[in-house]
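Please look through the sequence and the structure shown here before reading on.

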Amino acid sequence: MVARAFLGLAGPGSAKLLAGLLVFAFAAASGGAAQSGPTPEGYAAHVGGAKVIPPGGLRLDGRRMTCGQRPTVIDDQLDDYGAAYPGFLILNSKLLSRVPTSVKMWIYAHECGHQFRGPDEETADCFAVQRGRRQGWLTPEGVEEICAFIRPSKGSSMHFSGSHRCEAMRRCYADPKVR
Ligand SMILES: [Zn+2]
């Protein structure tokens with residue numbers, strides 16, 4: 001069984017489709033042999049125009065971003081702000097350039113959360129805000145910027161899920177117990 005991709009920030013739909021296409025492409029390239037999922041270089045070659053940034057080499061608004069020894073693939077064709085495969089992170093730098101620094105860093109930390117905590121979105125959200133609090137880049141105002149970012153436009157069916165995630169993150173941010 002091929003390794004499963006983690007989900008992006010927008011939810012299951014598009015990220016899952018992309019993951020499915022990639023898994024299919026990689027299985028076909030290897031003649032159907034068992035695979036452990038794409039490598040960052042393989043992913044970048046497959047999507048085209050993407051760039052692999054080695055661990056410790058990524059900066060967002062001048063701040064060095066690290067997620068253990070995980071590299072980041074900059075893929076501006078990605079249909080989301082960020083995504084994660086086991087072993088590497090993916091960021092869309094074009095979309096990221098439109099959001100405040102706190103939100104950029106939270107997105108990176110959220111995708112990093114998937115590396116260490118698995119595919120659950122709420123767990124990755126919690127990991128990200130607690131990391132931000134510990135490292136000093138996330139203030140209560142920053143949490144509200146994240147809430148504004150995930151708050152979908154009026155009338156969207158995603159509204160409830162966005163508010164729910166925001167409530168959970170506020171609780172996590174205030175919780176002294178690290179999860
Ligand atoms: Zn996620």
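## The model and the zinc site

The structure is a predicted model, and every value below is computed from its atoms. A zinc ion is held by three named side chains, with His110 and His114 each contributing the NE2 atom and Glu121 contributing OE, at 2.0 to 2.1 Å. Read along the chain, the donors of the zinc ion follow the spacing H-x3-H-x6-E. Within this site, His110 belongs to helix α4 and Glu121 to helix α5, which covers residues 121-135, and the two are 11 residues apart, a pair that links distant parts of the chain. His110 and Glu121 are both buried.

## The disulfides as a set

The count of disulfides in the model comes to 3. When the bonded cysteines are counted along the chain, the disulfides follow the pattern 1-2, 3-6, 4-5. The next sections take these links one at a time.

## Cys67 and Cys112

Cys67 and Cys112 form a disulfide in which the sulfur atoms lie 2.1 Å apart. The torsion about their S-S bond is about 90 degrees, so this disulfide is right-handed. It joins distant parts of the chain, since Cys67 sits in the loop between β3 (63-65) and β4 (72-74) while Cys112 sits in helix α4, 45 residues apart. Both Cys67 and Cys112 are buried.

## Cys126 and Cys172

A disulfide is also formed by Cys126 and Cys172, whose sulfur atoms are 1.8 Å apart. With -95 degrees about the S-S bond, the link of Cys126 and Cys172 is left-handed. Cys126 is in helix α5 and Cys172 is in helix α7, which spans residues 159-174, so that distant parts of the chain, 46 residues apart, are linked by this pair. Cys126 has a relative accessible area of 5%, and because buried means under 20%, Cys126 is buried. Cys172 also counts as buried, at 3% relative accessibility.

## Cys147 and Cys166

The sulfur atoms of Cys147 and Cys166 are 2.0 Å apart, and these residues form a disulfide. About the S-S bond the value is 95 degrees, and the link of Cys147 and Cys166 is right-handed. Because Cys147 lies in helix α6 and Cys166 in helix α7, the pair ties together parts that are 19 residues apart in sequence. Cys147 counts as buried at 2% relative accessibility, and Cys166, with a relative accessible area of 6%, is buried as well.

## Helices α4 and α6

Two packed helices are described by the angle between their axes and the distance between the axes. Helix α4, residues 101-117, packs against helix α6, residues 140-150, at an angle of about 75 degrees, and their axes are 9 Å apart. Because angles of 65 to 115 degrees count as roughly perpendicular, α4 is roughly perpendicular to α6.

On the α4 side, the residues that meet α6 are Ser102, Val103, Trp106 and Ile107, and on the α6 side their partners are Gly142, Glu145, Ile146, Phe149 and Ile150. Sorted by class, the contact of α4 with α6 has 6 nonpolar, 2 polar and 1 charged residues.

Definitions and conventions
Residues are numbered from 1 along each chain as its sequence is written. This is a predicted model: local features need pLDDT of at least 70, side-chain atom pairs count only at pLDDT 80 or more; totals for chains, interfaces and linings use all residues. Side-chain values use heavy atoms; hydrogens and water are left out. Axes are lines fitted to C-alpha atoms, for helices over the stretch in contact, and angles run from 0 to 180 degrees between N-to-C directions. Helices (H or I, at least four residues) and strands (E, at least two) are DSSP runs, numbered from the N terminus. Angles under 35 degrees count as roughly parallel, over 145 as roughly antiparallel, 65 to 115 as roughly perpendicular and the rest as oblique. Contact means heavy atoms within 4.5 Å. Ala, Val, Leu, Ile, Met, Phe, Trp, Tyr, Cys and Pro count as nonpolar, Asp, Glu, Lys and Arg as charged, and the others, Gly among them, as polar. Donors are N, O and S atoms within 2.8 Å of the metal (3.2 Å for Na, K and Ca); water is not among the atoms, so sites may look incomplete. Buried means under 20% relative accessible area, exposed over 50%, partly exposed in between (1.4 Å probe, protein chains only). A disulfide is a pair of cysteine sulfur atoms within 2.5 Å.
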